[in-house]
Amino acid sequence: MNFAFSSASSSSLSSISHVARSSLTLEQVQHRAPAVFAEQAAVTTGARYVFISTRDIVGALMDAGFEPTEATQTHSRLGNAAHARHMLRFQPVVKTLAWDDVLGEIVLINSHDGRSAYTLRAGLYRPVCMNGMLTTLGDFGLVHVSHRGNVVANVVEAAQRITREFGRVGDVVEQMRGTMLTEHQQLDFAREALKLRFPEQAQPPVQPTQLLQERRMADVGDDVWRVFQRTQEAVIRGGLPGRTVKGRPMHTRGIRAIRENVRLNTGLWDLALRRIGR
């Protein structure tokens, strides 16, 4: 296993750095997620709500050694784009978790309407399919920072804390790679994933085997890690051919809503953790 932490050799890091995402400029972040640059909170927030523009958080994280690599926001039906929920991904300039198929990330989620605190999560980015995953291990990998007190410093400290603990994710991934699943167990994994994706449909529009199809040589394998990655990509990216309840042909949709992305990613990660007894 080509495994590396902050002391990794430059060759092991270079094997993935050429396909990893480039960092975004602040102008690119603003174009993709205007709510990051909000100038004030929504009028619905209370008197105790401390407004800190996410722009200030981004700047502080960049100063602390984190590069923004992705920025998205929810499309508000009410047209209040300035306060919409937004999600940003950051990679540490010094890669603290990197091996041959994923990079460690910090994922920041916030809104300026008082509906959520700053949320930081541990994430993984897979360059081969440009796919982002979310991880949670007990008390590690998920930190909430309320809109009170020294918000900027608290968010930066939380990001650094998660980064220091990335090695725990590596231990879990290594265990997933060493745990093999039978064909029946893989189908069970895919069936549970379909229940997560289509919780209100007794008969999902696609078959479990479709989630398990290999898309590239790197996906071939029966271990928990590769079964999880194949399934996660199929669920999040969509595009699978299937049929509606009425028998009409359709394709599954990709997941773009931030809340649903988080729900599915963490749910799928939990399914994988159960296969290794976590």
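**Close-up 1. A salt-bridge network links Arg126, Arg216, Asp219, Glu233 and Arg237 in the predicted model.** A salt bridge is defined here as a side-chain nitrogen of Lys or Arg within 4 Å of a carboxyl oxygen of Asp or Glu. The structure contains 16 salt bridges. This is a predicted model, in which local features need pLDDT of at least 70, side-chain atom pairs count only at pLDDT 80 or more, and totals for chains, interfaces and linings use all residues. Residues are numbered from 1 along each chain as its sequence is written, and side-chain values use heavy atoms, with hydrogens and water left out.

**Close-up 2. Arginine 216 pairs with aspartate 219 in a salt bridge.** The closest N and O atoms of arginine 216 and aspartate 219 lie 2.9 Å apart. Aspartate 219 has a relative accessible area of 1% and is buried (buried means under 20% relative accessible area, exposed over 50%, and partly exposed in between, with a 1.4 Å probe and protein chains only).

Close-up 3. Arginine 161 is partly exposed at 38% relative accessibility, and glutamate 157 is partly exposed at 33%.

**Close-up 4. Glutamate 157 also meets the side chain of arginine 164 in a salt bridge.** For arginine 164 and glutamate 157, the N to O distance is 3.9 Å. Arginine 164 is exposed, with 58% relative accessibility.
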